[in-house]
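Open the model in your viewer and follow the stops below. Each one says what to select and what is there.

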Amino acid sequence: MKYGGYIKILQQMLVNAGIEEDYELAGAGISGDKVYDLFLRIEEDVLAKGADIVVIFVGINDVEHKFTKLTGTEITRFEAFYIAIIEKLLSVGIKVVLCTPAVIGENPSFSNKEDEEIDLYSDLIRMLAEKYQLPVIDLRKVFVNYNLASNPEYKEQGILTTDRVHLNHKGNQLVAEEMWKVVKDVKLQ
């Protein structure tokens, strides 16, 4: 399968390291999906394909759609579906890695209306990682720190995203690097 973005970059990282034969990457994300969409698709899109490791990277649409479409996911509902996904994956022996949502808008002044919500969802994911003793890729922290250091003009987009949400090449590169730091240490039995 051919994928763009951070999965394509991760695949190239595997090639560069000479270990591409050890991994088969597959993206199961669908643009616009929220946590309950992932839950509804988990059987067909993940379990049926025999995944060994799954990185759960969801939350941006759950938050952003609260503000743009009024169809976002309230945090209690988000938590219930997220836990159901974790428990379903763990019940069949899949190694699970959690990932916090990155940004909606890149202005490092924390004046975006979505910042507080993303922080709440990220805190929840960190708490679930601790509760279930799972590794976490803290993209929220990484993206905030990157923008604090690299966005002195307080731009809303163009540093790591194309439009406040969707990743540009640098954003995809950063996600791939952060994912690899964690996933490479997940041991399969």
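Is K88 buried, partly exposed or exposed? K88 counts as partly exposed, at 31% relative accessibility; buried means under 20% relative accessible area, exposed over 50%, and partly exposed in between (1.4 Å probe, protein chains only).

This is a predicted model: local features need pLDDT of at least 70, side-chain atom pairs count only at pLDDT 80 or more, and totals for chains, interfaces and linings use all residues. Residues are numbered from 1 along each chain as its sequence is written, and side-chain values use heavy atoms, leaving out hydrogens and water.

**Salt bridges**

A salt bridge here is a side-chain nitrogen of Lys or Arg within 4 Å of a carboxyl oxygen of Asp or Glu. E43 lies in helix α2 and K88 in helix α4, so the pair ties together parts 45 residues apart in sequence. Helices (H or I, at least four residues) and strands (E, at least two) are DSSP runs, numbered from the N terminus.

Next, select R140 and D119. Their salt bridge has its closest N and O atoms 2.8 Å apart. R140 is in helix α6 and D119 in helix α5, so parts 21 residues apart in sequence are tied together. R140 counts as buried at 2% relative accessibility, while D119 is partly exposed at 30%.

**The sheet**

Now select β1, β2 and β3. These three strands form an open, parallel sheet in that order; strands pair if DSSP finds at least two bridges between them. β1 (53-57) and β3 (136-137) stand at the edges, each with a single partner strand, so one side of each lacks a neighbour in the sheet. Finish on I56, which stands opposite L98 in β2.
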